[in-house]
Every structure is written in structure tokens, then in C-alpha cells.
Amino acid sequence: LAVKNVIKKQGYDLDAKEINCNDLLQLYNLMREKMLDWNSVVTNDKFIDLDLPVEFIQSVFGKYDAVKRRKNQYDYTDVLQKFFELISTNEEALERIRSNYEYYCVDEMQDLTPLIMDILKLLTKNSPLVCIGDDDQCIYPFRGADPQNILKFRETFPKGKVFLLETNRRCPSNVIDIAKKVINSNEDRFVKNIKSIKKN
């Protein structure tokens with residue numbers, strides 16, 4: 001709807017049927033969860049692959065936001081952004097939330113976006129935190145997820161400790177040996193000696 005509306009009202013010489021709205025939405029979410037400005041967006045692969053004028057995309061995003069406001073609706077990224085705005089600008093709200101939690105546990109840390117990482121840092125200040133993740137497995141980069149969350153854990157949380165889980169209990173050793181040949185070619189990871197407890 002936003003795409004058709006912008007094409008019609010602003011007179012772009014584009015065919016709405018040829019524009020992939022899912023790709024536009026992915027770019028929208030990536031931009032917001034990575035907290036990118038337009039100068040950074042235009043150099044992103046997702047933007048380049050769309051092959052659409054930046055002004056057109058800005059108009060579509062603006063229209064999408066306006067429709068959500070008019071209908072009083074939020075998408076997942078809106079909820080994250082509003083929550084971050086609340087706890088980063090309202091100390092009382094932040095303290096009320098913190099007072100409900102004794103410690104924090106985060107799963108799949110490699111799939112956190114910069115926006116979620118900023119929320120985590122605010123919530124966990126001076127609180128115990130346990131994070132579980134796998135630097136070899138990041139499946140949400142299209143939303144801005146970054147395995148550097150794990151690799152730079154000790155920089156982000158200077159008192160933190162990293163424990164490597166090197167024993168695989170799921171796969172037989174011949175599968176692990178094949179997987180290691182691929183995984184070990186990644187230089188941007190913790191050095192691990194992964195082994196299986198199962199025979200071939």
C-alpha cells in the first residue's frame with residue numbers, strides 16, 4: 001500500500017508489481033535495528049540490490065511509519081525502539097524495570113542486533129549477566145545481528161568471563177570433522193577444539 005501510494009502521489013516512473021516489498025521491509029528493519037543513518041544505508045548491499053532511488057525508499061518508509069501511527073499499530077522493531085527510548089531517557093522507568101530482575105540470561109547472543117545490545121547494556125548495568133551463544137552461527141544478519149557481540153564480549157562487559165563449550169553431544173565425530181574443515185576457515189572466531197562424544 002505504501003509503495004503504490006508513493007508511486008501514485010509522487011509520480012515515480014516505477015512499476016509497483018516489480019518492487020519486492022519484503023526486501024524493502026528487510027531494509028527498513030535492518031536500518032532501524034542497526035541504528036543506521038541514510039549515509040550508511042546507501043552503501044548497504046540490501047539498498048544497492050533494491051536498485052531504487054533513495055528518495056523513493058525514504059518516502060515509502062515515511063508512509064509506512066505514518067500508516068502505523070494512524071492505525072495506532074507497532075511492529076516488532078517499533079516495540080524495541082520505543083522500549084529503548086523509554087529506558088534511555090527515563091531513569092525512573094529504567095530503575096523500576098531493573099528492580100524486578102535479580103539477574104539476566106541471554107540466549108543466542110550472536111543474533112542480537114545493535115539496538116537489542118544497547119537495551120541489554122542499559123538493563124544489566126551492575127547486575128549479574130549470563131550470555132549463551134555461538135560465534136560460528138549467526139542466522140539474523142539480515143536484521144543487523146552481529147557475532148561480534150560474542151567476540152567482543154569482554155570489551156563490552158570488562159568484568160566478563162568467556163567459557164568455551166568444545167564438546168558436541170549431538171553429532172557423531174565424522175560429521176564434526178567435516179564441519180570443522182568449513183568452520184575453521186573462519187578467522188574471526190574464538191579458537192575452539194570441537195570434539196564429539198559420539199562415534200562415527
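Me: Which residues form the negative surface patch?
Reply: The negative patch is made up of Asp23, Asp45, Asp49 and Asp51. Please note that this is a predicted model, in which local features need pLDDT of at least 70 and side-chain atom pairs count only at pLDDT 80 or more, while totals for chains, interfaces and linings use all residues. Residues are numbered from 1 along each chain as its sequence is written, and side-chain values use heavy atoms, with hydrogens and water left out.

Me: What counts as a patch?
Reply: A patch consists of residues with over 30% relative accessible area and no salt bridge, with like charges joined within 9 Å and nonpolar side chains (Val, Leu, Ile, Met, Phe, Trp, Tyr) within 5 Å. Lys and Arg count as positive, Asp and Glu as negative, and His and the chain ends are not counted. Each charge is placed at NZ of Lys, CZ of Arg, CG of Asp or CD of Glu. Accessible areas come from the Shrake-Rupley method with a 1.4 Å probe, and for residues only the protein chains shown count as cover.

Me: Where does aspartate 23 lie?
Reply: Aspartate 23 belongs to helix α2, residues 21–33. Helices (H or I, at least four residues) and strands (E, at least two) are DSSP runs, numbered from the N terminus.

Me: Why is aspartate 23 called partly exposed?
Reply: Aspartate 23 is called partly exposed because its relative accessibility is 34%. Buried means under 20% relative accessible area, exposed means over 50%, and partly exposed lies in between.

Me: And which residues gather in the positive patch?
Reply: Lys8, Lys9, Arg70 and Lys71 gather there on the surface. Helices α1 (2–10) and α5 (54–71) each supply at least two residues of this patch.

Me: Is arginine 70 buried or exposed?
Reply: Arginine 70, which is found in helix α5, is exposed, with a relative accessible area of 60%.

Me: Changing topic: how many salt bridges does the structure hold?
Reply: There are 11 salt bridges in the structure. A salt bridge is a side-chain nitrogen of Lys or Arg within 4 Å of a carboxyl oxygen of Asp or Glu.

Me: Which residue forms a salt bridge with aspartate 78?
Reply: The partner is arginine 32, and the closest N and O atoms are 2.7 Å apart. This pair links distant parts of the chain, with aspartate 78 in helix α6 and arginine 32 in helix α2, 46 residues apart. Aspartate 78 is buried at 9% relative accessible area, and arginine 32 is buried at 13%.

Me: What about aspartate 75?
Reply: Aspartate 75 forms a salt bridge with lysine 68, with the closest N and O atoms 3.2 Å apart. Aspartate 75 counts as buried at 15% relative accessibility, as does lysine 68 at 7%.

Me: Last topic: which residues have the most contacts inside the largest nonpolar core?
Reply: They are Met109, Leu112, Leu120 and Phe157, in a core of 20 residues. The elements giving two or more residues to this core are α6 (76–89), β1 (104–106), α8 (114–123) and α9 (148–151). The largest share, 6 residues, comes from α8. A nonpolar core is a set of buried Ala, Val, Leu, Ile, Met, Phe, Trp, Tyr and Cys residues joined through side-chain atoms within 4.5 Å.

Technical notes: Buried means under 20% relative accessible area, exposed over 50%, partly exposed in between (1.4 Å probe, protein chains only).
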